[in-house]
Every structure is written in C-alpha cells, then in structure tokens.
Amino acid sequence: MKFSVGYWTMGQTRLRPRHHALLYEELVRDCVTAEDLGYDAIWLAEHHFWYDGHSNALLTILGAMAAETDKLKIGTSMLLLPIHDPLRLAENIACVDHLSGGRLRLGFGLGYREEEFDAYGISMRQRASRTDETLELLLKLWRSDEPIDHEGRHFTYRGPVCRPKPLQSPHPAIAMGGFVPATVERAARFGFGIYLGPVMNGEQAAGLLDIYRANLSDEHAQKPRDVGILRDFWVAETEAELEEGRQRLRNYYGETVALGWRLFRDEAGTPIGPDRGRLLRAYVDASVGAGIIGTPEQVTRELKQFEQLGFDHIQLRFRFDSQPAEKIHKAMRLFAEEVMPAFQS
Amino acid sequence: MKFSLGPYLSGATDLYPTLRQHAALAEEEGFDSIWIEPGNQSCGASPFVVGAWVARQTKALRIAVRPVVGLVHPLYAAEDAAALDLISNGRLLFAPLAPSPTQAAVYALDPNQARAAFWESLEVLPRAWSPEPFQHSGERWRIPAHVGGNREVAAVAEVSVTPKPAQTIVPIWLEEIADQSLPAPVVQVAGRSTPVEEIAERLRPRDGCVPTVRALLRDVVVAETEQEAANLSRLLEGSDRRCLICGDVEQVVAQLQGLRDAGANYLVCRIALSGLSPEESLNSLRLLARAVAPRFRMASFPGEIRVHTIEETQSPVIGYLREGAAI
C-alpha cells in the first residue's frame, strides 16, 4: 500500500484568509516534509476563479515542486482535462517530467464547475467528448515523432510535433479521477489507473472498483496501474485535536463546496434533482463522514478496509482549512511513524 | 546598464543543467533577470514551467518568461503568470511573443488572425491580473463566454482570476511594437537582430511605453583573446553575425559602449549559444560577468575611480578564470 499527500489545495476559507505567496511557500514545505517522512507522492488539485485560489496552474507549480524535491513523486489529482489545450498540455507535461527526473504522475478529471468552463468559452456539456479527444491527442503527440494532422470535434492541429517528449516513455503513469461509473469505464478503456473521489463511502467505492475490473481488458490488466482513492484525513492522539479536524473539514465543505460551488450534475452537465438545499446539506454530512479522522489505531483499521477492497494507493488530504503548517506536519509525522509501518509487507 | 541572461529554450531539456548553472552564476554576479522562451519549434507555454523551476533555485534574479500568446485562450497565460509571480515572490517579467506564421499554422490560424489574437490577449491579461473582476468582449474571445448550455452561469457577468500575482502591476516587456493602446504600460525590447543604427528608433518612447528602461537582446561571446573569440565565432550555429557581440574583453566593452550610445540600457545576453560547448559558454559568461559588466555598472562612479578599479582587478580576474577555478 502506498500513501501520498494530496490532493493539495490552498484550503483557505473566508474566515482564515492567507497570502497566496505564503500558501505556495507552505506547499514547498509540505513537499519537503512528505519527502523526508517517506510518503510516495504529493498531488495538486485544480480549480479556477475561486477566492481560495486553489491551484489553477498545476504544471507551473509542479515545475517549482520539481526543484524542491529529489525522490518524492509529484502529480496532478486532478488536472481538469477538458479545460485545457491538448498541445500546450502535452509540451508542459513533458517539461515537468524532465525537470523532475521522471517523477511526474498524472491524474485527470473532467471538472464539474460551470464557471470554470464558461470563462474559457467551453460548454460543460462537452466535457466528456473533450476529455476523450484530448486523451487521444496526448497519447498521439507523445508517441509520434512525425507531424500530426488532426481535425476533431473540438480541436484542429496542422503538423505539430510534441518536443520534448516526456522523459518516461511513452508517458508518465495516468489515472482517471472521479465519482461515477463513466470515470472508471473510461479509465478501463484506455488502460489507465483510477483514483476515486473522497466523498464516497467504502461500499460505493467497492461498486466502482467492480465496474472498473469488469471493463479492463486482459492486456490492460497485466500492466501496472494505480488503483487508488482519495480521502480527507486527520490523525491525532487526543479527542480535542480530532474534533478540531472534523470542524475544519465541515467548514471547508460547507463554505466552499456546498455554498460556493455548483454540484450535482451528470456528465452532460444536466442538474440532478430538484431539492438542491437538502442535497447540499446531505453532501456536507456525507463528505465529512467519508473522511478518515481518528487516532493512529482507528485510522489504521479504516485504511485496512480499503486495502482489503483492492486499493493499493491512498491519497491523504491533510490541508482543508488553513491549518497552521506545524499542525499539518505533526499529523503527517504521526501517520508516517505510527500508521505506515502497519502496511509495510 | 543592466545585464541579463537568455533567452534559454524551455524545451531544450539537455540544457537544463546549463540553465541551472548559469542562473546561479548570474544571480551571484548581480545580473538582473534570466529569460526563458519556447523556441520556434514549440507552441507550448513551458517557459512558465521552467521559470518556476528556476525561481525556486534563485532568490533575487527576475524571471522573464516569453510565452507565445494568441494561439490559445489568454486566461491560461494569466493564471500561469500569476502562479509564477507568487512562487517567485514577485520576480516575474512578462515578455510575451506573438505567434510566428509557423506556430499560427499549427493552430489553423492565418498570421493576421494570430497577430490580432496576440493583441487581444494583451488587452485581457492586465485586466485579469487587476484586483477587480472583469469581463471582455473581443473579436476572438468573450469572457465570461455565456456558452449555450452553461445555464447555471448565464447571469454571471464577470470573472476574477485568482490568485492574483504578487506584484500589483506585472511588468510587460514587448519586442513587438505596440500598434494600439494597452491597459498597462509596456517596456520596449529590441530584438537580437536589430542593427545598431536602428536601435534608437526601435526604442524611442511611444504611447504606453516606459522609456526609462530600453532593452536589447544580443548574442554575446567573450573570450580571453581576440584569436580565441574568432575561433569560437566560427563554431556558432544560428546566430545573426551582423549583430553578434564577440571579442576579447576590450572589444566587447567597446561594442557594448556602441549599443549604450545608441540608446540601450538593459542588455539581455544570449550566451549559451548553439555550437559552443557548455565549458565555452561558461567561460564566456564568467568573463562577461566579472570583466565586462562591472565597467557598465559603475555609471555613478567618478571616471578616475572606475578606470583604476577596472585596471586593478582585470588581470587577477582573467588569471583566476584561466586557471579554471570553480565558482
């Protein structure tokens, strides 16, 4: 079982504003701490046009992270594929892969905030078809030394050759992230790994894992892939510290995700259900409930359940409400010293 | 006169160790900035990626990035630039390039469309970095777009790129001559093939330009002897020899004085030239930094002190370099 720090976001809320330059400094400190403590990777999440700042320019930020680390894998979890230009993306990914000495990992998602699509002039209803076309283009651009002509539904290119190619041949490991069957079906079709979202319970995750396995061809099943899941996470030794972690997670989901963002759509962007208020409250409760918050013994038990389901990589999200870096690093250290050894086989 | 290094190609992965070494030396020796561009073979924005990598290995050097702007939506560059400015604690110089006809063709744009998109992007970018939300309605882009199907945001009138850059106003340096007013002042840059007799005209003040900084790009080779410089110049590939600055220390000083007299006061030196080995480039950089640049940095010193200072330090510097001492 591999453990990594992710999905990293700015995590500031209205009540705890921070200077974004300081938050990027803290990202660097998180990277160095994760590397020192033996985590496998650190992952950045993408969102746009939100006062939190999130991390909207993932590959540029990963360039900085590559300079600050030597062994730690660095990745996207998730890069919102349909919002990007495939050629620009292919070149930037290749660059980060070289700067990091082949430590880049890619998690791609579809995105779900209409504001982000609309600012870029993209219909959210096209996110699935844009994702498929972008994936096909990326693979083609990384594999071909010949100029590519492409006239697709969303993109037209005449004769580009992606230079440089990624250092990892033919490309860094890819996983699709998401919450719904279409995500794992797409991942299986391309032979990619999966990272399931943080707000589903173990039963829902197991159901998606079954769909993924059923759709994976024998050929793809032979290749190494990450089968991972994201979890909001807090570990501490006292009940007071644990309660603080729960409250911070509730603050984050209540303010940012439930009140600020527009959720609950199908892949074509059609709103689901008429009773949004009730859905939002239920969403916050479910999200906080899906988080793993406990003492080292408690979180070990919960994580073992995911291991038994067949997950081999868990991204632990420690930063969700502008916690002071010392507290985050204390929790990261406690996990590394008290929990990780229980998973070393 | 201020000195800077570059542009280095963001896609030249085999030169990343050289870039790292040169950036460290440039910072130590008081250079102002290091420039990074994608090169003609690329359409990507990887200057931001490589710029962020350099930024975390330096503390004072400004990071000048030259993304190709106008091929894709300008908000990509707005967000990348803001991130790089924050990562570098406000050291970003934004020096965008207009698409070449080849780059435009890759995106199925004719050159005129691409140029128009470049200028439209430069209208968008300063407003995207400003503290206020904004909206834009132009020839190519509408922000927010109110695309059919995005029903939930039909009433959203403005967009705010977040996070904002660390600098209140991101400096924009342009090699293109501004043929229209822009929402931010720009610093004019003369390209490396600008003949010396055209520098004054190229860098003259225009509406919206900042005339106090007049930047010039040049390929530069400095060698210990005139003969060695001539040998190195024969190795060069792809440099415009009419505008090449090449010679021993005294010859290079004389050539730079000519550029200064023509109006340039900020020199961006491309010293990692195609055809030279890493060692040859590094020697050239050391001579530029330690024997040439000091002559131009002491503008406020009385002339006599400046001359004595140079005469007293030049020989030891050359001797130090000749022994190949590590920096």
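**A walk from the core to the contact**

Let's start inside: the largest nonpolar core holds 192 residues, and those touching the most other members are Ile42(A), Ile61(A), Leu62(A), Ile34(B), Ile63(B), Leu84(B) and Leu288(B). Such a core is a set of buried Ala, Val, Leu, Ile, Met, Phe, Trp, Tyr and Cys residues joined through C-beta atoms within 7 Å; buried means that 20 or more other C-beta atoms, placed from the backbone, lie within 10 Å of a residue's own. Helix 3 of chain B gives the largest share of this core, ten residues (helices are DSSP runs of H or I with at least four residues, strands are E runs of at least two, numbered from the N terminus). A second, separate core has six residues, among them Leu249(A), Tyr252(A), Tyr253(A) and Phe320(A).

A word on the model: it is predicted, so local features need pLDDT of at least 70 and side-chain atom pairs count only at pLDDT 80 or more, while totals for chains, interfaces and linings use all residues. Residues are numbered from 1 along each chain as its sequence is written, and chains are lettered from A in the order in which they are written.

Back to Leu62(A): leaving aside neighbours within four places in sequence, Leu62(A) is in contact (C-beta atoms, placed from the backbone, within 7 Å) with Leu44(A), Ile74(A), Val96(A) and Leu104(A).

Now for where the chains meet: 52 residues of chain B and 47 residues of chain A take part in the contact. On the side of chain B that touches chain A, helix 3 of chain B again gives the largest share, eight residues.

Chain B as a whole has ten helices and eleven strands, and 47% of its 327 residues count as buried.

How values were computed. Two residues are in contact if their C-beta atoms, placed from the backbone, lie within 7 Å. A residue is buried if 20 or more other C-beta atoms lie within 10 Å of its own, exposed if 12 or fewer, and partly exposed in between; C-beta atoms are placed from the backbone.
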